[in-house]
Structure formats: structure tokens, C-alpha cells
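Here are a few friendly notes to read alongside the model.

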Amino acid sequence: MALSKASFFTHLKILTKPHLHHPPPPPFLSLRRLSFATPEEAAAERRRRKRRLRIEPPLSSLRHQQPQQAQPQSRQNPNQNVNPNAPKIPEPVSALSGNRLNLHNRILGLIRVNDLDEAALLTRHSIYSNCRPTIFTVNCVLAAQLRQSRYSDLLSLHRFITQAGVAANVVTHNLLINAYLDCRKTDTALEHYKQLINDAPFNPSPTTYRILIKGLVDNGKVERAMELKEEMLGKGFEADPVVYSYLMLGHVKDSNADGVFELYEELKEKLGDVDDGAVVGSLMKGYFMRGMEKEAMECYAEAVAEGSKIRMSAVSFNSVLDALSKNGKFDEAMSLFDRMLAEHNPPRRLSVNLGSYNVMVDGFCGEGRFKDAIEVFRKMGETRCRPDTLSYNNLIEQLCNNGMLADAEELYGEMANKGVNPDEFTYVLLMDACFKESRTEDAAGYFRKMVETGLRPNLAVYNRLVDGLVKVGKIDEAKSFYDLMVKKLKMDEASYKFMMNTLFEVGKHDEVLKMIGDMLDDDPSEFTTDLLEFVKDELRKEGREEDVVKLMEDKEREKAEARAKEAAAAEAAKASAKAAVSSLLPSKLFGSKGAENESDVFSEKTVESISVNGEVKDVEKESIGDSPAELGSEEATKHNNSADIDVMGDDRDEQVTV
């Protein structure tokens with residue numbers, strides 16, 4: 001086959017071209033197993049997969065599309081009506097991820113440094129942000145507030161998240177019930193429990209019944225707690241040894257030893273062998289009540305023996321410690337406490353908690369060993385236990401009741417370093433102790449510091465303070481505290497009468513009249529008939545009985561004059577607004593007398609609307625600034641001429657427009 005000249009030279013050029021030999025790859029690349037021989041093959045495979053995805057979408061996309069496709073069908077079906085009042089399902093734990101998990105950890109950090117105000121504020125601000133907190137984050141803040149007895153902040157935050165639409169879970173309800181029970185509002189707690197049973201999309205947990213029964217027992221309602229225990233068993237829950245221990249402790253408080261043993265026998269019938277140590281302490285107290293000390297110590301020995309089948313937790317040990325220390329066995333309690341400290345190895349073994357130290361502090365104080373109680377209390381940090389406000393209040397109360405105010409004040413000074421905030425009870429303990437030691441200045445200082453820190457003392461505390469100051473003759477200081485608290489407390493008749501009588505005794509009748517004047521200005525109903533008769537009797541001794549009558553008449557006249565001035569000001573504002581509107585709508589715009597009447601009606605309606613909205617002054621400024629009568633002579637003439645031309649040019653349109 002003959003070749004053309006051009007083809008021949010091309011073929012010859014290819015044959016004479018030297019072949020380039022690529023260097024061999026490095027030896028370490030030979031060990032790698034590649035999916036494709038060349039990058040071109042990999043690119044071809046990617047294109048093939050893309051074409052396949054266009055034809056057959058992945059199953060994950062179908063799962064995302066199924067709810068979207070089912071939504072129009074549910075809308076078209078009239079039988080499937082969604083109830084807007086139905087309770088919301090709480091979020092699962094899987095919602096705590098990504099940015100919401102970062103927010104959760106940030107709020108936990110604030111709680112660890114005891115900055116609960118900032119933690120609650122951040123939670124509130126995050127509700128309406130792009131990163132909405134989960135209910136688990138909210139529960140952490142609520143639990144921290146509950147631990148520090150900040151019940152008002154807890155209820156406020158719970159109300160906020162409820163209004164914001166954050167669905168609560170069973171932990172949220174448990175925290176709220178616990179707060180109500182701590183505030184001795186058992187009826188409110190039971191109402192919330194009924195609401196949980198009837199409306200919540202989930203059932204109460206065993207912890208719910210533990211909290212309720214313990215709270216009822218602490219508030220002296222053992223019979224209602226027994227009924228709730230039967231209700232718990234009726235709902236299918238197993239017999240809980242912790243619940244039975246609370247009920248047995250309630251019978252111990254009522255000195256009902258038979259009830260203790262009846263509950264223990266019932267628990268044995270339901271569970272067989274009771275291997276939970278929660279009931280050991282209550283059972284020992286029952287034996288001690290009957291005078292059966294030998295049986296109580298045998299029960300104790302069986303529970304704490306080596307290799308015992310009874311499972312003893314920190315709470316179980318605490319109940320045994322309490323039973324020993326309160327029944328003349330404090331030496332055994334000390335040896336048991338030393339064993340608990342030796343076995344304590346967190347996180348594998350937790351045999352000591354905050355309650356253990358509180359029990360031992362009470363035991364040492366009961367034995368009169370207050371220095372040892374303070375020493376044990378300060379060793380709490382060695383076992384990673386942190387004291388709270390209740391622990392400090394417990395020890396401070398013991399010290400104040402036994403004349404150790406200096407040590408109590410030293411403990412109070414340590415609270416800030418430990419990150420513990422004093423509450424109202426802390427300041428009241430110190431205030432009462434200072435009054436006992438005749439340190440009225442320090443007592444008044446503690447009360448003032450309590451108010452300055454934002455705490456709210458009740459009326460009884462205020463009455464004790466004022467009574468203590470009056471007894472030592474500090475009338476002016478007592479009156480200053482009255483002026484400080486009269487706006488913050490709901491004073492009763494006795495409080496008013498006490499302060500008035502104190503001022504009458506020192507001859508400060510004018511101060512009493514000033515008090516009455518302030519009462520009439522703020523709330524006249526507080527100045528009752530009994531107070532009026534009391535004041536008249538005291539003023540009659542000085543011949544000034546008519547002063548209080550004249551004062552009341554003057555206050556009534558001042559109020560009547562103030563109401564008259566308000567009415568006159570409202571009428572004047574209405575008249576000025578009417579004149580302003582009339583100047584904005586000249587009569588030339590209306591072609592007849594009837595039109596002028598219509599303009600008057602229109603102006604009156606406009607005035608009413610303006611007066612309601614509070615824009616009368618703005619209309620007056622516009623009328624003064626834009627009216628032709630207030631412009632310069634040349635500008636006014638031009639303005640009037642242009643208005644006449646506009647009206648004559650299109651009279652009908654102007655009337656319709658107006």
C-alpha cells in the first residue's frame with residue numbers, strides 16, 4: 001500500500017522520536033494500594049457515580065422527602081386535626097450537640113464558679129437567639145438555684161421558659177415540686193403533681209415520688225405520704241426502699257414505733273430479702289424507741305459487717321450515723337465515720353457526702369464539742385465535698401445558741417471565700433445573737449447588709465430589729481429603718497401602732513402626723529379606724545386632737561384639686577388640639593355651611609384621636625409652623641393665593657379628598 005509524501009514524513013517523524021522513560025516511583029509508594037490506576041480512571045468513576053445519582057437518588061434523601069410529602073396529605077385530611085393545646089414533647093438528649101452543647105458547657109462553667117445570676121441571664125438571652133438552650137441546660141440552672149435556696153429566681157426562670165415554649169421534662173417537674181416543698185407549700189406541690197399526672201406526655205418517675213413523700217414527711221403530713229405511697233404502688237411502680245425509709249422516719253418523728261415495723265414487714269413481703277441499706281437507720285431508730293438497744297446494735301453490726309449483703313450508700317451510712325449519735329452511741333458513730341472516710345474513693349466508691357458532715361457536726365454539738373465540730377466542718381474539702389448555705393446555717397445556729405458568736409462570725413466571713421452566699425436566715429441568726437450580746441450596732445449592720453444584698457427580710461424580722469433598737473433607746477435609728485422598709489414590706493396595723501406609740505412617748509407628734517400623711521398619700525386604706533382612734537387618743541393628751549382631722553381634710557382637698565387640675569388640663573389640651581385641627585382645615589375647602597359643620601365634626605373626631613394618642617403638642621407645633629397666619633406677609637399671601645387657585649380649579653375633587 002503506497003503512502004503519500006505527507007503521510008510518509010509524519011510516520012517517519014514518529015518513528016525517529018525518542019521514547020521518554022519516566023523514573024520509577026519511590027519505593028514507599030509501592031506499598032500503597034490505590035483504588036484506581038490513574039487519575040483519569042478516578043475522574044471517570046466520579047462522573048459515572050454522578051450520573052447514577054441523577055437517576056437513583058440515595059435513600060437518605062428519600063427519608064428527608066417523606067415528611068415533606070406527607071405534610072400536604074395531612075393538611076388535606078380533615079380528620080387529622082392537631083390540637084394547639086396539646087402538651088409539647090420534650091427534646092431528646094441527642095439535641096444537646098453542636099453549638100447547643102457549647103452553650104451548655106459555658107453555662108455549666110458559670111455554675112461551677114457560683115455565678116448563678118449570669119448563668120440565668122445567659123439562659124434567658126439564649127432563648128430567643130440562634131442557639132436555643134435545651135431543657136437539660138435549663139434544668140442545670142434550676143438545680144443550682146434550688147441548691148442555694150433561691151426559690152424566687154427558680155420560679156421566675158421556670159415561668160420564663162414556659163412562656164417561651166421550652167418543653168419541660170420530668171426532671172423539670174421534680175425540681176419545681178422540690179422547690180414548693182422546701183417553701184412548705186405542700187398543697188401547691190400536690191397540685192403540680194396532679195397537673196403532671198393529667199397533662200404531661202410522660203409519667204412521673206420514682207424520683208418524683210421520693211421527693212413528694214420526703215417533702216410531705218418533713219412537713220408533718222405522714223398520712224398523706226402514706227396515701228401517695230399506695231398510689232405509687234397502684235401505678236405499677238415497685239416498692240422503693242428509699243420511699244419506705246422516709247415513711248419510717250416520719251413514724252419515728254411521730255413516736256410511732258409500731259408504724260416503723262409495720263412498714264418494714266410490708267417491704268419484706270414485697271421484696272423478700274431487703275438488701276438496701278436505706279431502711280437500716282430508720283429500723284435502728286425504731287428499736288431504740290422501744291428500748292431494744294441490743295437488737296438495734298445487732299442490726300447495725302449486720303449492715304456494716306465485712307462481706308455483708310446489704311448495700312450501703314452514703315445516704316444509708318448517714319441515717320445510721322444519725323441513729324447512733326442521737327441515741328448515746330456517739331463513739332460508734334465516730335468509728336463508723338472514720339471507716340467511711342477510709343472507704344471513700346471517688347468516683348469508684350462514694351461513702352461520704354455533705355450530709356455525712358452535717359450529721360457529725362450535729363453530733364459533736366450535741367456532745368458539747370463545738371471546736372471539734374468546727375474542725376470537722378473545715379475538713380470537708382479534703383473529700384471533695386463543698387458546704388452549702390444550709391450547712392453553714394446549721395453550724396452558725398449551733399454556735400449562736402451556745403454563746404459562741406465570735407466563732408459564728410468567723411464562719412460567716414469564710415462563706416465568701418468558699419463561694420457560698422448567705423441567705424436571710426444567716427443574717428437573722430447573727431442579728432439575734434448580736435442583740436443577745438447587747439451589740440445593737442452590729443445587729444443593725446447585719447440587717448442593713450441583708451437589705452443591700454437584695455435579700456428580702458419578712459415583717460417578723462423587721463419587728464425584732466425595731467423592737468431591739470427601741471429597747472436601747474435608739475428611736476431615730478428605728479425610725480430610719482421604718483422609712484427604709486415601709487415601701488418594701490406590707491406593714492400591718494401592729495407595726496404602724498408600735499412605731500407611732502414609740503414616737504408619741506418621746507414627744508415626736510409631728511413625726512407621727514407625717515407618717516399618717518404618707519400613708520394617706522400611698523394607700524389610705526392602711527390608715528384604719530382603729531389607728532385613727534389610737535392617734536386621736538394620743539393627740540388628745542396634748543390638746544391636738546383636731547390636727548389629724550385637719551390633716552385628713554387637707555389630703556382630701558389636695559386630691560380633689562389635683563383631679564380638677566387634671567380634668568382642666570385635659571379639656572384645655574382637647575380645645576387647643578381642636579383649634580389646631582381647625583386651622584389645618586380652613587372653611588374654604590368646604591363649599592357650604594353644611595360642609596363647615598362636617599369639618600367641625602371631623603375636627604372633633606380628630607381631636608379625640610389625637611388626645612388619646614397623646615400627640616396634641618405635635619399637632620400644635622405643626623399648626624403654628626404651617627398656618628398661613630403665622631408666615632411672613634409675602635409668604636402668607638402666596639400661600640393663600642395658591643390655595644384659592646387650587647380650590648377654584650378642582651372644587652369637587654378637593655371636597656371628596658377632604
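How many aromatic pairs does the count come to?

1. The count comes to 12 aromatic pairs. Please keep in mind that this is a predicted model. A pair of aromatic rings is described by the distance of the centres and the angle of the planes.

2. Start with Phe-261 and Tyr-287. Their ring centres are 5.0 Å apart and their planes stand at 65 degrees; an angle over 60 counts as edge-to-face, so that is what this pair is. The two residues come from distant parts of the chain, 26 residues apart: Phe-261 belongs to helix H13 (residues 257–271) and Tyr-287 to helix H14 (residues 280–289). Both Phe-261 and Tyr-287 are buried.

3. Next, have a look at Tyr-482 and Tyr-496. With planes at 75 degrees and ring centres 6.4 Å apart, this pair is edge-to-face as well. It also links distant parts of the chain, since Tyr-482 lies in helix H25 (residues 475–485) and Tyr-496 in helix H26 (residues 493–505), 14 residues apart. Tyr-482 has a relative accessible area of 4% and Tyr-496 one of 2%. Buried means under 20%, so Tyr-482 is buried, and so is Tyr-496.

4. Rings can also join up in a group. Tyr-193, Tyr-209 and Phe-237 are linked into a cluster by ring pairs.

5. Finally, look for charges over rings. Arg-124 places its charged end over the ring of Phe-160, 4.9 Å from the ring centre. Likewise, the charged end of Lys-497 sits over the ring of Phe-534, at 5.6 Å from its centre.

Terms used
Residues numbered from 1 in each chain as written. Predicted model: local features only at pLDDT ≥ 70, side-chain atom pairs only at ≥ 80, totals over all residues. Heavy atoms only, no water. Phe/Tyr/Trp six-rings, centres within 6.5 Å; stacked < 30°, edge-to-face > 60°. Helix = DSSP H or I, 4+ residues; strand = E, 2+ residues; numbered from the N terminus. Buried < 20%, exposed > 50% of the residue type's maximum accessible area, 1.4 Å probe, protein only. Lys NZ or Arg CZ within 6 Å of the ring centre and 35° of its normal.
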